Amino acid sequence: MNSFLSTLVDILSQPAILVAIIALAGLLLQRKKLSDTIKGTTKTFVGFLVISAGAGILGTALEPFGSMFQEAFNVSGVVPNNEAIVGLALTEYGTTTALIMFFGMIVNILIARFTPFKYIFLTGHHTLYMACMLAVIMAVAGFKTPGLIIAGSVALGIIMALSPAILQPFMRQLTGHDNVALGHFSAVGYAISALVGKAVKGKKEVVSTEKVNFPQGLGFLRDSTVSIALTMAIIYIIVALFAGPTFIEAELSNGTNYLVFSLIQAGNFAAGVFIILAGVRLVLAEIVPAFQGISTKLVKNAKPALDVPIVFTYAPNAVLIGFFSSFVGGIVSMVVMALSGSVIILPGVVPHFFTGAAAGVFGNATGGVRGAVLGSFINGVIVSFLPVFLMPVLGNLGFANSTFSDADFGVAGIFFGSLANYFGTMAIVIALVVILVLMAIPYKKKNIKD
């Protein structure tokens with residue numbers, strides 16, 4: 001049984017396999033020719049592997065930056081990192097996590113089939129992380145195994161449908177169509193960033209981050225790969241100078257000169273972004289047409305909710321601006337926490353990159369450069385302070401040196417954990433039923449206008 005569950009988790013948590021299966025099903029439902037079916041399924045599979053490879057390169061480049069930053073400025077505290085906290089939690093909650101993940105995906109499809117929320121969440125690793133957090137929270141709340149799995153699965157299915165729905169008005173504005181949704185559990189932060197951009201755009205014409213006028217001699221900065229590489233090189237070298245050669249060469253670079261090491265990591269960062277953008281273009285060219293089979297045959301008007309890099313292609317400059325602004329928001333939040341005497345949440349570089357970058361894209365879509373800067377800064381504050389209130393509802397896991405990072409984890413975890421703390425498990429059951437009933441009510445779709 002444990003072997004089967006382990007295999008199930010391995011399959012469902014791999015977005016490349018999961019989305020390839022979805023693409024295959026969609027193409028078969030459309031009765032496409034065998035050659036087209038093989039081509040579409042394979043290119044979808046490979047495209048997601050390209051995205052994963054780019055994300056892996058980014059993570060490898062960002063990891064030493066975090067260590068350098070902590071050494072340079074002598075700070076310590078809790079580092080928000082989904083992979084780290086899930087790794088700790090799965091040792092105790094592995095079986096319930098697998099079952100919640102499997103049945104939660106079924107609940108998500110049922111919600112898409114029978115309610116106006118037509119979003120099928122396809123980001124497998126985020127589904128795994130949310131299932132794991134819900135397993136912990138439901139166990140801490142007092143649910144026994146059967147009830148824990150049922151409550152966790154229903155909660156997961158609801159979150160998988162609501163998260164893309166919250167952001168879809170802004171996705172329509174960003175993409176210019178309604179064919180695809182964003183499946184990344186930081187939708188609350190992205191939506192707030194878009195609203196901030198809308199609030200600060202003013203009466204003047206919005207200047208997009210992609211249309212910033214550079215002096216003629218700096219025209220090469222319009223190439224996003226060049227601008228990202230140069231900017232990251234400057235940031236890496238500044239932090240490296242503060243961290244010092246002794247620490248970097250002994251702990252991180254394996255003896256390579258600390259400045260050379262920093263330049264290589266900056267180049268790797270730019271390479272990772274380039275690879276991700278290439279993979280996104282490949283996947284979107286295949287998954288959207290393939291998904292029409294699901295949409296027409298199984299779930300009418302269904303939309304695939306895909307991982308966060310799908311929005312990076314719409315504003316590559318905003319990606320970098322969003323990352324820096326969100327990271328600054330994290331630093332400011334860290335200072336406030338230190339002065340107030342609370343738990344200190346360190347600005348995790350990886351979560352600030354992915355959530356900050358997307359927040360920058362959405363802030364730019366509604367408010368141009370100012371929206372990208374301020375919206376992603378607010379995102380940085382949000383993903384810094386939400387973990388402070390999430391940690392107490394995670395039981396013993398809340399005292400680990402890591403915690404869940406993205407905004408939706410904080411919102412969902414605090415909501416269900418607080419219900420259990422103040423009103424008991426029955427409050428969670430009632431809340432789930434009420435939410436399902438409300439989701440089933442037809443609603444009129446509204447577009448977000450400029």
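Here is a short tour of the fold, from the whole chain down to a few single residues.

The model is a predicted one. Its protein chain holds 14 helices and 5 strands. The radius of gyration is 22 Å, in agreement with the value near 22 Å that a compact globule of 450 residues would have.

**Overall shape and packing**

- Of the 450 residues in the protein chain, 54% are buried.
- If you take contacts between residues at least 6 apart in sequence, 81% of them join residues at least 24 apart.

**Surface and charge**

- The protein chain has an accessible surface of about 19,300 Å², and carbon and sulfur atoms account for 66% of that area.
- Counting charged side chains gives 24 positive and 17 negative ones.
- The centres of these two charge sets lie 20 Å apart.

- Helix H11 covers residues 316–340, which is 25 residues in total.
- From its first C-alpha to its last, H11 reaches 36 Å, close to the 36 Å expected at 1.5 Å a residue.

**Two loop residues with positive phi**

- Arg31 is not a glycine, yet its phi is positive, at about 55°.
- You can find Arg31 in the loop between helix H2 (15–29) and helix H3 (34–73).
- Arg31 counts as exposed because its relative accessibility is 75%, and the cut-off for exposed is over 50%.
- Asn301 is another residue other than glycine with a positive phi, here near 65°.
- The loop that holds Asn301 runs between helix H10 (258–298) and strand S4 (303–306).
- With a relative accessible area of 47%, Asn301 is partly exposed, since that label applies between the 20% limit for buried and the 50% limit for exposed.

- Val433 sits in helix H14, which is made up of residues 425–440.
- Its relative accessible area is 47%, so Val433 is partly exposed.
- Val433 and Val154 are 279 residues apart along the chain, while their C-alpha atoms are separated by 9.2 Å.

Key:
Residues are numbered from 1 along each chain as its sequence is written. This is a predicted model: local features need pLDDT of at least 70, side-chain atom pairs count only at pLDDT 80 or more; totals for chains, interfaces and linings use all residues. Side-chain values use heavy atoms; hydrogens and water are left out. Helices (H or I, at least four residues) and strands (E, at least two) are DSSP runs, numbered from the N terminus. Buried means under 20% relative accessible area, exposed over 50%, partly exposed in between (1.4 Å probe, protein chains only). The radius of gyration is taken over C-alpha atoms; the globule rule is 2.2 Å times the number of residues to the power 0.38. Contact means heavy atoms within 4.5 Å. Accessible areas come from the Shrake-Rupley method with a 1.4 Å probe; for residues, only the protein chains shown count as cover. Lys and Arg count as positive and Asp and Glu as negative; His and the chain ends are not counted. The place of a charge is taken as NZ of Lys, CZ of Arg, CG of Asp or CD of Glu. The expected span of a helix is 1.5 Å times one less than its number of residues.
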